[in-house]
Amino acid sequence: QLQLVESGGGLVQPGGSLRLSCAASGYTLDYYVVGWFRQAPGKGREGISCMSSTGGVTNYTDSVKGRFTISRDNGKKAIYLQMNSLESDDTAVYYCAASVPPITQWRDYAGCAEAEFEYWGQGTQVTVSS
């Protein structure tokens, strides 16, 4: 069974940067779609970025385009989220997740619907405040 553990969250000032990491264990990460989600206080969980198993396709929600970058290193079984130009609205608990893509699209599928993801980390808090 795939297990995921996030790290790298913390307190940062507006305009600052953070890099979140997600370490996978228990199974190879090679064939999974991976994604980052977040849940702000009083709000539902939203998908902010997802990446196909090969890394060739990425999706971003509009609010983070141009500021956040998702990446993966299958050899290290790791997923990353580089977050730049952070804003107070980015304050949330951030989760990494993994899903099994449709077999006919396993290379290029990067769907980011929460219901598709069956493996989740425990979350890491990101607080953007001066």
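Leaving aside neighbours within four places in sequence, W120 is in contact (heavy atoms within 4.5 Å) with L4, F37, R45, Y95, C96, A97 and E114. This is a predicted model, in which local features need pLDDT of at least 70 and side-chain atom pairs count only at pLDDT 80 or more, whereas totals for chains, interfaces and linings use all residues. Residues are numbered from 1 along each chain as its sequence is written, and side-chain values use heavy atoms, with hydrogens and water left out.

W120 belongs to strand β10, residues 119–120; strands are DSSP runs of E with at least two residues, numbered from the N terminus. W120 counts as partly exposed because its relative accessibility is 23%; the class spans the range between buried, under 20% relative accessible area, and exposed, over 50%, with a 1.4 Å probe and protein chains only. A polar atom of the W120 side chain lies 2.9 Å from the backbone oxygen of F117. The C-alpha atoms of W120 and T54 are separated by 20 Å, and these residues are 66 apart along the chain.

The aromatic rings come next. A pair of aromatic rings is described by the distance of the centres and the angle of the planes. Rings of Phe, Tyr and Trp (the six-membered ring of Trp) pair if their centres lie within 6.5 Å; planes under 30 degrees apart count as stacked, over 60 as edge-to-face and the rest as tilted. By this rule there are seven aromatic pairs. One of them joins Y32 and Y119 edge-to-face, at 5.7 Å centre to centre and 90 degrees between the planes. Y32 lies in the loop between β3 (18–25) and β4 (33–39) and Y119 in strand β10, so this pair ties together parts that are 87 residues apart in sequence. Y32 counts as buried because its relative accessibility is 8%, and Y119 is buried with a relative accessible area of 14%.

The pair of Y95 and W120 is edge-to-face because the ring centres are 6.4 Å apart and the planes stand at 80 degrees. This pair links distant parts of the chain, with Y95 in strand β9 (residues 92–99) and W120 in strand β10, 25 residues apart. Y95 is buried, at a relative accessible area of 14%. Ring pairs also link F37, Y95, F117 and W120 into a cluster.

Charged side chains meet aromatic rings as well. A charge sits over a ring if NZ of Lys or CZ of Arg is within 6 Å of the ring centre and within 35 degrees of the ring normal. R45 lies over the face of Y95, 4.8 Å from the ring centre. The charged end of R19 sits over the ring of Y80, at 4.0 Å from the centre.

How values were computed:
Helices (H or I, at least four residues) and strands (E, at least two) are DSSP runs, numbered from the N terminus. A polar contact is a pair of N or O atoms within 3.5 Å; within protein, one must be able to donate a hydrogen and the other to accept it, and residues adjacent in sequence count only if both atoms are side-chain atoms.
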